[in-house]
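Take a look at the chain below.

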Amino acid sequence: MKKYIIAAALVIGTGAVVTTTVNSCTTLATTDLGLSIIKKLLLNGIDKGVNVYSNKDAFLQNNMVDKALPKQLREINSMLEKVAPSLVAKERAYIADAAVYTVNISKPILVNAVNSLNAQDVTRIIQGEKGTATLILKEKTSQQLIAAIAPKVDEQLNQYGIVKSINTALSGNNLLGSLFGGNTTTVNSGGLSQLASEQLVNGMFNIIEDYEIQNSRSLLGPLGK
């Protein structure tokens, strides 16, 4: 597994800058310095994600969010492209509205999880590959985030009537059965909201992970095997 060396510049109360290099993974895992660096890296990633989710246009243009689109929702959109392509754009816009609507629910959950990181988490992070910090954050919060925002996403999508519009467009299309099982011929509101919630949560983690990978080198230089 990849190890890391941390070179951190901390600004203390007087404004002086103290630069510290920590060579021991074991020492790092038990120091406030190591923990503070990991937390700062993740909190910056969260802030980047929150900025994207707070801006509808930025959300729609972010490829990390698009990569998080669940397979079932992607296939529904592929069907819609053939019969009612304008609905795909509306659906994406409504999910973007839901992102703005729910981001203030997600942020405190993520921040609290970062602040609860411990020495064991830090040890795993510094001994793991890039992206491990985000992975740990995801393990700690993913299900909680989906449960917290799903009702609000459902409320937002139903407000616009997007589920009814999709079902009207796909009326009689037996392909939905292959996606949701059985003889399903309609998209369930809860099902669509769940898929949209998964996209919102996983998209946020994609942004955080990208930030971690892009910025960890300056703080977590590789030591080798």
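Find Lys-107 and Asp-47: their side chains form a salt bridge, with 3.7 Å from N to O. The two partners come from distant parts of the chain, 60 residues apart. Lys-107 sits in helix 6, which covers residues 85-115. Asp-47 sits in helix 2, residues 32-53. Keep in mind that this is a predicted model.

How exposed are these two residues? Lys-107 has a relative accessibility of 31%, so it counts as partly exposed. Asp-47 has 34% and is partly exposed as well. Both values fall between the cut-offs of 20% for buried and 50% for exposed.

Now move to Glu-75 and Lys-71. Their side chains also meet in a salt bridge, at 2.6 Å from N to O. Here both residues belong to helix 5, residues 71-83. They are four residues apart, so about one helical turn separates them. What does the surface look like at each partner? Glu-75 is partly exposed, because its relative accessibility is 27%. Lys-71 has a relative accessible area of 61%, which makes it exposed.

Next come Lys-140 and Asp-121. This salt bridge spans 3.4 Å from N to O. Lys-140 is in helix 8, residues 132-160, while Asp-121 is in helix 7, residues 119-127. The pair therefore ties together parts that lie 19 residues apart in sequence. Is each partner buried or exposed, or something in between? Lys-140, at 36%, is partly exposed. Asp-121 is buried, because its relative accessible area is 10%, and buried means under 20%.

Now step back. How many helices and strands does the chain have? There are eleven helices and three strands.

Finally, look at the chain as a whole. It has 225 residues, and 45% of them count as buried. Consider the contacts between residues at least 6 apart in sequence: 79% of these join residues at least 24 apart. The accessible surface comes to about 11000 Å². Carbon and sulfur atoms account for 51% of that surface.

Note on methods: Residues numbered from 1 in each chain as written. Predicted model: local features only at pLDDT ≥ 70, side-chain atom pairs only at ≥ 80, totals over all residues. Heavy atoms only, no water. Salt bridge = Lys/Arg side-chain N within 4 Å of Asp/Glu carboxyl O. Helix = DSSP H or I, 4+ residues; strand = E, 2+ residues; numbered from the N terminus. Buried < 20%, exposed > 50% of the residue type's maximum accessible area, 1.4 Å probe, protein only. Contact = heavy atoms within 4.5 Å. Areas by Shrake-Rupley, 256 points an atom, 1.4 Å probe, with all protein chains shown as cover.
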